[in-house]
Amino acid sequence: MFAEASQYARNVDLVMLLIVGTAVVLLLGVTGAMIYFVVKYNRRKNPIASQIEGNKALEIVWVIVPVALALGMFYFGYVTFKQSRYVPPGAMEIKVEAKMWVWKFTYPNGKVTDTLFIPSNKPIKFTITSIDVNHSFYIPAFRIKEDAVAGRTNYMVVNAKETGVFEIACAEYCGMNHSLMYSKVYVVPEKEFALWYDGRATDDFLKLYLANHSNKYREFASSNYAILFAKGCIQCHSLDGSQSIAPSFTSLNRGQARVKSQGKDTLVVIDKDYLRRSIMYPELELVDGFDKVKMPQQLNKVNDEELEQIVEFLYNKFAKQN
């Protein structure tokens with residue numbers, strides 16, 4: 001079972017246990033009654049069927065009890081559901097934009113990420129939309145899910161009680177790479193979130209939480225790699241050659257890349273200029289085998305200093321090894 005990252009998640013689980021428990025009791029009761037009647041009224045004991053008169057008290061009970069159970073389950077389910085729709089005063093609003101096959105999160109100060117960061121013990125209102133097909137924004141640890149529909153803005157509210165790292169998934173089949181449309185939500189203490197939000201402690205923040213919670217990339221949680229996590233690069237590009245929806249960074253050591261440019265297949269040299277073009281204008285040169293997956297433009301997400309930091313690191317760490 002997924003972790004319970006909020007009080008809402010606990011309430012959802014309690015409602016689920018109530019419904020399942022009620023269903024199990026009814027199943028046992030109905031099955032037990034069936035077995036009892038089969039034994040009591042079988043042909044050998046009752047060769048001549050006898051007429052059984054009605055029982056008004058029993059009929060009233062078996063109408064009232066199921067109705068009461070159904071209304072009770074509906075009531076607790078509705079009360080819990082309302083918690084995800086109520087927007088408390090002072091809630092932080094984060095815009096969630098879905099696109100095949102990535103998530104984009106925009107914060108009130110204009111900060112944009114592919115990975116979600118939220119403070120603990122603070123209500124968050126997610127306004128959710130899509131720029132292409134239907135998606136569904138799903139955080140299992142919070143037991144919440146809301147559709148992302150083009151031309152329409154939906155919302156949901158969370159208040160995370162537990163710090164940690166939790167999965168974000170798309171729960172609506174949205175095309176070829178739907179199964180890879182994953183991201184992470186990092187729930188951190190409000191004070192540390194404020195430092196990250198203001199851009200004052202990005203490296204230390206990422207080093208701490210990636211080292212503690214990302215086993216696969218524990219060894220990469222250094223300040224050099226931190227910017228790749230901060231900008232969401234590793235959501236699509238792997239660091240170890242494993243298959244993903246975009247080329248692994250280890251493929252940069254080949255020296256050349258076969259790409260599709262202006263509809264034509266061509267070979268390009270993997271140098272720093274190529275890396276800059278690939279980051280800022282990814283649609284100009286699509287790597288062979290990955291031309292169906294469009295990387296979002298980074299023009300408004302990466303400044304000049306960050307761009308040069310990423311280019312220098314990728315070139316020296318991967319491309320220069322050819």
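**Note on strand pairing, cysteines and salt bridges**

1. Strand S6 (residues 135-139) pairs with S9 in the antiparallel sense, over 2 bridges. Two strands are said to pair if DSSP finds at least two bridges between them; strands (E, at least two residues) and helices (H or I, at least four) are DSSP runs, numbered from the N terminus. Within this pairing, Tyr138 stands opposite Ala169 in S9.

2. On the basis of the note: this is a predicted model, in which local features need pLDDT of at least 70 and side-chain atom pairs count only at pLDDT 80 or more, while totals for chains, interfaces and linings use all residues. Residues are numbered from 1 along each chain as its sequence is written, and side-chain values use heavy atoms, with hydrogens and water left out.

3. Strand S9 also pairs with strand S10 (residues 183-188), again antiparallel, over 5 bridges. In S10, Ser183 is the bridge partner of Ile168. Strand S9 (residues 164-170) is largely enclosed by the rest of the structure, because 5 of its 7 residues are buried. Here buried means under 20% relative accessible area, exposed over 50%, and partly exposed in between (1.4 Å probe, protein chains only).

4. For the chain as a whole, the secondary structure comes to 7 helices and 13 strands. Of its 322 residues, 38% count as buried. Among contacts (heavy atoms within 4.5 Å) between residues at least 6 apart in sequence, 60% join residues at least 24 apart.

5. Strand S11 (residues 256-261) is joined to S13 by 2 bridges, and Lys260 stands opposite Leu286 in S13. In general, strands of a sheet pair through backbone hydrogen bonds, either parallel or antiparallel.

6. How many disulfides does a search of the whole structure find? The search finds 0, a disulfide being a pair of cysteine sulfur atoms within 2.5 Å. The sulfur of Cys174 is 3.9 Å from the closest cysteine sulfur, in Cys170, and this is too far for a bond. Cys170 counts as buried because its relative accessibility is 8%; Cys174, at 5%, counts as buried as well.

7. The whole structure holds 9 salt bridges, each a side-chain nitrogen of Lys or Arg within 4 Å of a carboxyl oxygen of Asp or Glu. One of them joins Lys184 and Glu167 (2.6 Å, N to O). This pair links distant parts of the chain, since Lys184 is in strand S10 and Glu167 in strand S9, 17 residues apart. Lys184 is partly exposed at 28% relative accessibility, and Glu167 is partly exposed at 32%.

8. Another salt bridge is formed by the side chains of Glu312 and Lys272 (2.8 Å, N to O). Glu312 lies in helix H7 (residues 304-317) and Lys272 in helix H6 (residues 272-280), so the pair ties together parts that are 40 residues apart in sequence. Glu312 is partly exposed at 30% relative accessibility, and Lys272 is partly exposed at 26%.

9. Finally, a network of salt bridges links Asp273, Arg276 and Glu308.
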